[in-house]
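Biologist: Could you walk me through this model in plain words? I'd like to go piece by piece, with the cut-offs spelled out as we go.

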Amino acid sequence: MKIIHLEDDGIKYSTIKRVLVDVGIRNEDIVWVNNVEDGIEQIERAIKEGSPFDLAITDQHYPLKKGMKADFDAGEIFIDTIKNKGITLPIIVCSSMDLEYKNVYGTVWYSDRSNWEAEVQGYIKKLMR
């Protein structure tokens with residue numbers, strides 16, 4: 001399973017990556033980008049190369065472009081861009097903000113007060129079937 005992870009916090013990325021690897025995703029199948037623009041470019045390139053991503057995991061608050069400040073709507077902008085381009089891609093929003101989205105594969109509250117690791121693994125296992 002090939003996953004693109006949109007996240008600007010290196011520690012959060014590493015923590016989520018560990019959870020992905022624990023459920024059987026190979027390190028080399030996880031692509032990390034830290035802004036919306038680079039994420040969209042990677043997704044479109046992978047499609048053109050015939051090796052599309054199977055899943056996107058996005059934060060809600062990160063830069064829209066390299067060098068920009070983080071935007072609180074970045075995750076939503078990423079989701080809308082994917083939908084508007086007609087790209088079929090399951091998306092998990094994994095944010096430290098407790099959000100609920102109806103138009104994505106799943107939402108996970110990244111918090112010590114939630115069992116986010118099990119939630120992420122559950123979504124991944126369901127996709128792997």
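**A loop, some helices and a few rings**

Modeller: Let's start with Asn 103, which sits in the loop between β6 and β7 (106-109); helices (H or I, at least four residues) and strands (E, at least two) are DSSP runs, numbered from the N terminus. Keep in mind that this is a predicted model, where local features need pLDDT of at least 70 and side-chain atom pairs count only at pLDDT 80 or more, while totals for chains, interfaces and linings use all residues. Residues are numbered from 1 along each chain as its sequence is written, and side-chain values use heavy atoms, with hydrogens and water left out.

Biologist: Is Asn 103 buried, exposed or partly exposed?

Modeller: The scale is relative accessible area: under 20% is buried, over 50% is exposed, and in between is partly exposed (1.4 Å probe, protein chains only). Asn 103 has 39%, so the label is partly exposed.

Biologist: And which residues is Asn 103 in contact with, leaving aside its neighbours within four places in sequence?

Modeller: Contact means heavy atoms within 4.5 Å. With neighbours up to four places off left out, the partners of Asn 103 are Ile 79 and Lys 83.

Biologist: On to helix packing: how is α2 oriented relative to α3?

Modeller: Two packed helices are described by the angle between their axes and the distance between the axes. Here the axes of α2 (residues 36-48) and α3 (residues 74-84) come within 10 Å and cross at roughly 30°; axes are lines fitted to C-alpha atoms, for helices over the stretch in contact, and angles run from 0 to 180 degrees between N-to-C directions. Under 35 degrees counts as roughly parallel, over 145 as roughly antiparallel, 65 to 115 as roughly perpendicular and the rest as oblique. So α2 and α3 are roughly parallel.

Biologist: Which residues of α2 and α3 make the contact?

Modeller: From α2 come Val 36, Ile 40 and Ile 43. The α3 side supplies Ala 74, Phe 78, Thr 81 and Ile 82.

Biologist: What about α1 and α4: how is one oriented to the other?

Modeller: Helix α1 (residues 10-22) packs on helix α4 (residues 116-128) at about 50°, with the axes 10 Å apart. That angle makes α1 oblique to α4.

Biologist: Is the crossing of α1 and α4 left-handed or right-handed?

Modeller: A crossing is left-handed if the near helix is turned anticlockwise from the far one by less than a right angle, and right-handed if clockwise. For α1 and α4, the crossing is right-handed.

Biologist: Which residue has its charged end over the ring of Tyr 110?

Modeller: A charge sits over a ring if NZ of Lys or CZ of Arg is within 6 Å of the ring centre and within 35 degrees of the ring normal. At 4.9 Å from the centre of the Tyr 110 ring, the residue is Lys 12.

Biologist: Last one: is Cys 94 buried or exposed?

Modeller: Cys 94 lies in strand β6 (residues 91-95), and its contacts include Lys 12 and Tyr 110. Its relative accessibility is 2%, so Cys 94 counts as buried.
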